[in-house]
Amino acid sequence: MELGGKHVLVIGLGVTGAAAARFLASRGAILSMTDRRTDLDRSKLPTGAMHLGAEDPAWIRGIDLVVTSPGVPRDSILIRTALENGIPVIGEIELASRFITAPLIAVTGTNGKSTVVVLLGEIMKAAGMRTFVGGNLGTPLVDAVDGGYDVAVVEVSSFQLESIEKFRARVGVHLNLSDDHFDRYRNLEDYGRAKARLFDNQDASDFAILNRDDLNVWKLAANMRARAISFGIERGDDTASLWHEGNAIAFDLGTRRGKISLEGFRLSGRHNIANAMAASAAALALNVDPKKIELALASFRGLPHRIEIVAEKRGVTYIDDSKGTNVGAVVEAIDALAAPIILIAGGLDKGGDYAPLRRPLSEKVKLAIFNGAARTKMRDALDGATTIDLVATLQEAVEHAARSARAGDTVLLSPACSSFDQFKDYAERGNVYKELVRAL
């Protein structure tokens with residue numbers, strides 16, 4: 001892609017958009033930049049025309065290429081106007097992929113992406129590879145260009161995959177699919193189509209790692225051009241697969257068979273066994289020594305804000321799962337813990353169905369405390385599943401949980417909602433929760 005002298009409009013100037021703008025400027029593009037926020041910090045942005053506030057289709061005039069950030073709505077008037085005028089619209093991962101020569105391992109799915117990406121990064125580093133780890137996880141992929149990496153392991157969201165054209169992963173990993181982001185997508189099928197775009201540009205020399213225990217993921221295997229490797233708790237009958245056997249991951253890839261010990265793997269829950277299998281499958285696809293995978297699994301301690309133990313106070317364990325922003329993630333967290341649980345949930349509703357929480361609430365949760373903008377909707381959807389109390393804020397929820405808890409209980413923050421009604425992101429919410437717990 002030749003960028004020198006091209007007029008490029010960058011839409012959205014958060015972390016990803018700002019990184020894309022800096023890269024474009026370094027390649028000689030003539031920049032225009034826009035963001036709906038008017039109080040933008042411009043200190044990390046390159047020189048160029050700046051448009052802030054409500055979108056104006058006139059900003060498209062004279063533009064050769066549009067680079068959009070993942071959070072920009074699909075019905076953005078700027079994107080719509082560009083497409084109507086035949087102007088290419090791509091995202092940051094598409095832009096980056098045109099310049100990166102290292103093989104890409106791209107991980108998508110509703111839950112577990114960040115855990116698998118970081119774990120895979122540790123595996124590839126243990127194998128002696130200079131490894132970039134980023135994408136939707138934090139560091140934009142475009143920052144990996146010219147970095148001299150042997151491999152790039154990236155988290156890719158459905159939002160990012162909407163705007164790819166030629167983006168091609170040497171290894172594509174799809175973990176699972178459940179209700180999420182229904183404030184952006186019409187239904188699960190619409191959301192699933194965006195996720196499945198990860199495999200659009202693969203060919204028979206590439207690998208697709210698929211969860212065969214998730215029917216919405218496994219059905220993609222029928223039309224896959226890449227070589228499919230499946231993973232699941234029980235042994236599969238496909239030609240290349242991984243499964244959980246005793247305290248190990250067994251694998252049969254046709255020409256390679258063996259086991260990867262889970263003796264030192266410390267993450268709890270069935271979902272983390274699945275995450276370990278997915279990461280192992282991707283590494284095996286690139287011929288990583290199983291012993292190197294074992295070493296990385298044994299040293300991995302998980303991610304902040306994902307079923308993370310914060311403290312034990314008066315016999316009560318407090319756990320931060322602020323990254324559990326959808327119902328599927330909360331179900332996984334509850335299933336991974338022992339009863340009795342006091343659940344703190346709520347925040348900004350994302351349009352999904354709360355009904356799948358009924359079973360875990362009735363089985364393990366003695367009290368659910370819902371806070372934030374979605375609290376009334378959540379109570380109405382889950383009434384009768386367990387005892388439910390409503391409070392306005394996270395601080396009130398933590399204080400109420402502490403008063404209600406007894407020795408042996410677990411207080412779990414796992415919101416099933418986004419954080420934007422009270423916090424800038426899930427990390428800030430998790431950090432505030434930790435501060436509140438430590439102050440008890």
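Predicted model: local features only at pLDDT ≥ 70, side-chain atom pairs only at ≥ 80, totals over all residues.
When neighbours within four places in sequence are left aside, the contacts of Gly17 are with Val10, Gly12 and Ser69. Gly53 lies 36 residues from Gly17 in sequence, and the C-alpha atoms of Gly17 and Gly53 are 16 Å apart in space.

In soluble globular proteins, nonpolar side chains tend to be buried together. The largest nonpolar core in this model comprises 49 residues, and those with the most contacts inside it are Leu24, Leu95, Ile100, Leu141, Val156, Phe167 and Leu198. Helix α1 supplies the largest share of this core, with six residues.

Another core, of 46 residues, lies apart from the largest one and includes Val117, Leu120, Ile273 and Ala285. Returning to Leu198, its contacts, not counting residues up to four places away in sequence, are Ala106, Thr108, Val156, Leu161, Phe167, Ala169, Gly172 and Val173.

## The second largest pocket

The second largest pocket holds about 720 Å³ of space. Its lining is made up of 28 residues, of which Asn176, Asn211, Asp214, Gly328 and Glu332 are the closest to the centre of the pocket. Two or more lining residues come from each of β11 (227–232), α8 (270–285) and α10 (327–336), and α10 gives the most, with seven residues. By residue type, the lining of this pocket consists of 11 nonpolar, 10 polar and seven charged residues.

Conventions: Residues numbered from 1 in each chain as written. Heavy atoms only, no water. 1 Å grid on protein atoms, 1.4 Å probe; cavity = no way out; pocket = protein on both sides within 12 Å on 5 of 7 lines; lining within 4 Å. Points joined across faces, edges and corners; volume = space filled by probe spheres on them. Helix = DSSP H or I, 4+ residues; strand = E, 2+ residues; numbered from the N terminus. Nonpolar A, V, L, I, M, F, W, Y, C, P; charged D, E, K, R; others polar. Contact = heavy atoms within 4.5 Å. Core = buried A, V, L, I, M, F, W, Y, C linked by side-chain atoms within 4.5 Å. Buried < 20%, exposed > 50% of the residue type's maximum accessible area, 1.4 Å probe, protein only.
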